[in-house]
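Please describe this structure in a short report, with the cut-offs behind each term.

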Amino acid sequence: MVDGIKTLQQAIQHFADKENCREFMVFLRWPDGTPKCPYCGATKLTWMAKAYQYRCYGDHKPQKFSLKTGTVMEDSPIGLDKWLPAFWLLANCKNGISSYELHRALGVTQKTAWFMLHRIRLAMEAQPGVMFGGPEGGPVEVDETYVGGKVRNMHRSKVREKYKGLPVQATAAKAIVAGMLDRDLREVRAKVIPNTRRDTLQNMILDGVHKNSSVYTDESQAYYKLAEKQFVHDTVNHMEEYVRGQVHTNGIENFWSLLKRGLKGTYVAVEPFHLDAYVTEQVFRYNNRTTKDNPLNDADRFMLAVSQIVGKRLTYAELTGKVGETSAEPF
Ligand SMILES: [Zn+2]
C-alpha cells in the first residue's frame, strides 16, 4: 500500500491527498476491502465524501463514523494528512522527536503535537511476544538504569560507590527503567519499574524468560536467587575492566545509551507515566532497526507502527487528568 514511497517527503505528498488517505486506511483496517461499522459490524454503509465519514444504517448512535473511529486517532481534529506523516516521523527518527519539533514540522500547536506523540507511542506498544531465552534460545541480558535526577546517566555501580550506604532510590528524584535483551532474537523489552527490590526484578525475569536460560546481570543483590529459580545465572563485575566471554550486559547497556541520548536531546519530562511511553517508542525503533538479517526500511517501520492503531484509545484526560481536546471534525 505504500509501494514506491521511500522517504518522508514522498509520504507527505502521498497523504496530502484525501483519497489516498482513505484508500490507505481502508486497506489497513479492512484488508478485504469492505469497510465495517465499528459499532455494529454492518457493511451496508454510505461514504459521504464531503464529510469524510461513513454512515451506517444500524440502530445506534452515533450513526456516522470516520476512518479514525476505533483507533488511537479517534476524535482527533487533526487530519490523516498530518497523522500519517507523524507516524512516519516517529517510527524512523533515531532519537525521537520532541513535541516542539513536531509542532513546527506539521503546523499544529505544541500541545496537539504532544498529545499526538503520546497516541503514536501507544500504537507502538509491542504485542505480547515470545518468552526470551530457552534451552534453544540465546542468552538474556538483564539490567536496570536510572533516568532523571542527579544520578542520570550513571551506572548503578558508580551510583553505589558515590552514595555509599544510602538506598539508591533515596539519593535523587529519578525513575528506574528495567530491561531485558535476548541476544539471539536481538530484541529488547523495557519498562519503568517502581523499585529495584528483588521481587520486582525477579518477577520480570520469571514472567518473560524461559527457565534454564542463561541470564546475565550485574552483581546486584536483587538477582542473587536466580540460580535457585532454575536459571543459569552469571554476573558481571562493572568494576573490572575486562569482559569474561559471553558474560556481559553490553547489549542492554547499549540500549540504555540510545534511550538516554534521545531523552537528553528531545524529552524533558521524566514522570514515570510519560517516561514509560518514551521507553516504548525507543524499544519499537530498536526492535525494528535495520540489520543484515532483517533489512527493514522506513516504509516497513511506518507500516509496523500504523498496523497497531486499531482498538487502542488514549484520551487527553487520561494523559493529563484534564479535559482538553475533544471530538469535533472528522478528517
Ligand atoms: Zn453500525
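In this predicted model, the zinc ion has as its protein donors Cys-37 (SG), Cys-40 (SG), Cys-56 (SG) and His-60 (NE2), which lie 2.0 to 2.3 Å from it. Donors are here N, O and S atoms within 2.8 Å of the metal (3.2 Å for Na, K and Ca), and because water is not among the atoms, sites may look incomplete. The angles among the 4 donor atoms run from 106 to 115°, and the site is tetrahedral, a label given to four donors if all angles lie between 85 and 135 degrees. Along the chain the donors follow the spacing C-x2-C-x15-C-x3-H. Cys-37 is placed in the loop between helix H2 (18-29) and strand E1 (45-48), and Cys-56 in strand E2 (residues 53-56), so the pair ties together parts that are 19 residues apart in sequence. Helices (H or I, at least four residues) and strands (E, at least two) are DSSP runs, numbered from the N terminus.

Residues are numbered from 1 along each chain as its sequence is written. Local features need pLDDT of at least 70 and side-chain atom pairs count only at pLDDT 80 or more, whereas totals for chains, interfaces and linings use all residues, and side-chain values use heavy atoms, with hydrogens and water left out.

The table gives the relative accessible area of several residues, where buried means under 20%, exposed over 50% and partly exposed in between (1.4 Å probe, protein chains only).

| Residue | Relative accessible area | Class |
|---|---|---|
| Cys-37 | 4% | buried |
| Cys-56 | 0% | buried |
| Gln-282 | 3% | buried |
| Val-130 | 54% | exposed |
| Arg-186 | 39% | partly exposed |
| Gln-230 | 48% | partly exposed |

The largest pocket has a volume of about 1000 Å³, a volume being the space filled by probe spheres set on grid points that are joined across faces, edges and corners. A pocket is an open set of points, on a 1 Å grid over the protein atoms alone, where a 1.4 Å probe fits, with protein on both sides within 12 Å along at least five of seven lines, and its lining residues have an atom within 4 Å of a point. The lining comprises 43 residues, of which Glu-125, Ala-126, Gln-127, Arg-189 and Val-283 lie nearest the centre of the pocket. Among the elements that give two or more residues to this lining are helix H5 (110-124) and strand E6 (187-193), while H9 gives the most, with 9 residues.

Gln-282 also belongs to helix H9 (residues 272-287). Leaving aside neighbours within four places in sequence, Gln-282 is in contact (heavy atoms within 4.5 Å) with Lys-94, Phe-255, Leu-258 and Leu-259.

Val-130 is found in the loop between H5 and strand E4 (140-147). Not counting residues up to four places away in sequence, Val-130 touches Leu-185 and Arg-189; from Val-130 to Leu-185 the separation is 55 residues in sequence and 9.9 Å in space, C-alpha to C-alpha.

Most residues other than glycine have a negative phi, and most peptide bonds are trans. Arg-186, in the loop between E5 and E6, has a positive phi near 55°, and Gln-230, in the loop between strand E7 (214-218) and strand E8 (232-236), has a positive phi near 70°. A cis peptide bond with omega of about 0° joins Lys-61 and Pro-62, and Pro-62 lies in the loop between E2 and strand E3 (64-65).

Terms used. Tetrahedral: all angles 85-135°; square planar, octahedral: opposite > 155°, others 65-115°.
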